[in-house]
Amino acid sequence: MTDRDLPEQYLDGYAEILAEVSATGRRLTRDEVASRRALGEQAAEAGHGLRALVSAHLTAARTAWPSSPGSSDSALAAVQQVIDAFAEGYERAQLVAVRQEEAARREFIDDLLYGRSDLGRLAERAERFGLRLSHAHAVAVAQGPTAYDEGDPVPRQVEQALISRFGDRNVLLTTKDGRLLCIAPGQQDEVLAHFAKQAHAATDGGRVAIGRPQPGPGGVVQSYEEALGVLELAERLDLDDPVLRAADLLVYPVLTRDRQAMADLVADTLGPLTTARGGAQPLLDTLTAYFDSGCVAAEAARRLTLSVRALTYRLERIHKLTGANPADPTHRYMLQTAVIGARLLDWPAKDV
């Protein structure tokens, strides 16, 4: 917008102030300063650019200068006061607008992730933030060693990395409960993969979970909850992978869908281990390492810092107590499922 396109109302009384100040040498009155601030706020709310507004004030000062015989120093001081007050009002209005925008954004994100709003209204509000909820979306959640807020360096660093790589692709980055979130169209997996890479690096090795793409206005909250479930699962199972996808871990929700059945399996299969000297935990750790190493005794012994002979003795002890042989394929699935269930249910630390 050029100076000529600006409404004259933002310069109302400006020439008169310059003429009087130049003639008398006085400073602007309190009411005059307040009026300039008010005009600055109005200009900001109307969406005019500050650069064009300042230029218009300087142009008006040059136009009024020949008809203002008097002190040039006083006139320049008045110009400075006017522009300073005008800019102050402009910046104050912008700050209020930013805070209102942040509040609206936070309210939208809360409604989106908790599914508390009418879905039709939610979809309308989403377009303001670049999301089309009629399409499928997926959510990636990054969790670091500390909690993060919107204005922290880590979220800004990750956001800048995504913008530099992909530009504006209808992607929303935000924070929730101290975690970093990336909401992207379901078909843009490369965006979520890059977010995971950048977030893992920016959070000094934090863990990232990616939910499956889900359709419709309620799809975002479904994918978000799925990603949160994966983070909880990773913590319970002590999974080492920095990036975990819900699609790759679907077997675990299946195993835990019937909690009572899983508790019964753990108690019946692994319960006898509690009678061992030292309790069940060392033998449970042995089974975990054995299965995680692909049932290779030497690798399992290395992970446990045991000799292969000591590991073999423990496996024999497990066989004797439970009646199930970890090396026997017919027993292995039942034992491994029970071990996974024990880790999910935090057994033997908690009764099942």
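Helices, as named here, are DSSP runs of at least four residues, numbered from the N terminus. This is a predicted model. Its protein chain has 14 helices and five strands.

**Whole chain**
- The radius of gyration of the protein chain is 33 Å, whereas a compact globule of 352 residues would have one near 20 Å.
- Along the principal axes, the C-alpha atoms of the protein chain fill a box of roughly 110 × 45 × 35 Å.
- Buried residues make up 42% of the 352 residues in the protein chain.
- The protein chain has an accessible surface of about 19100 Å², and carbon and sulfur atoms account for 49% of this surface.
- Taking contacts in the protein chain between residues at least 6 apart in sequence, 70% join residues at least 24 apart.

**Nonpolar cores**
- The largest nonpolar core contains 56 residues, and those with the most contacts inside it are Phe108, Leu112, Leu131, Ile183, Leu270 and Leu287.
- Helix H8 (residues 219-237) gives the largest share of this core, namely eight residues.
- Another core, of 20 residues, lies apart from the largest one; Ala138, Ala142, Cys182 and Ile210 are among its members.
- Leucine 287 touches Leu270, Leu273, Ile318, Pro326, Leu335 and Val339, if residues up to four places away in sequence are not counted.

**Positive phi at two aspartates**
- Aspartate 177 is not a glycine, yet has a positive phi of about 55°.
- Aspartate 177 sits in the loop between strand E2 (172-176) and strand E3 (179-185).
- The relative accessible area of aspartate 177 is 53%, so this residue counts as exposed, for which the cut-off is over 50%.
- Aspartate 238 also has a positive phi of about 55° without being a glycine.
- Aspartate 238 is placed in the loop between H8 and strand E5 (243-245).
- Aspartate 238 counts as exposed because its relative accessible area is 58%.

**A cis peptide bond**
- The peptide bond from tryptophan 347 to proline 348 is cis, and its omega is near 10°.
- Proline 348 belongs to the segment after helix H14 (329-345).

**Alanine 193**
- Alanine 193 is part of helix H7 (residues 189-202).
- Alanine 193 has a relative accessible area of 35%, so it is partly exposed.
- Alanine 193 and alanine 338 are 145 residues apart along the chain, and their C-alpha atoms are separated by 33 Å.

Definitions and conventions:
Residues numbered from 1 in each chain as written. Predicted model: local features only at pLDDT ≥ 70, side-chain atom pairs only at ≥ 80, totals over all residues. Heavy atoms only, no water. Rg over C-alpha atoms; globule rule 2.2 N^0.38 Å. Buried < 20%, exposed > 50% of the residue type's maximum accessible area, 1.4 Å probe, protein only. Contact = heavy atoms within 4.5 Å. Areas by Shrake-Rupley, 256 points an atom, 1.4 Å probe, with all protein chains shown as cover. Core = buried A, V, L, I, M, F, W, Y, C linked by side-chain atoms within 4.5 Å.
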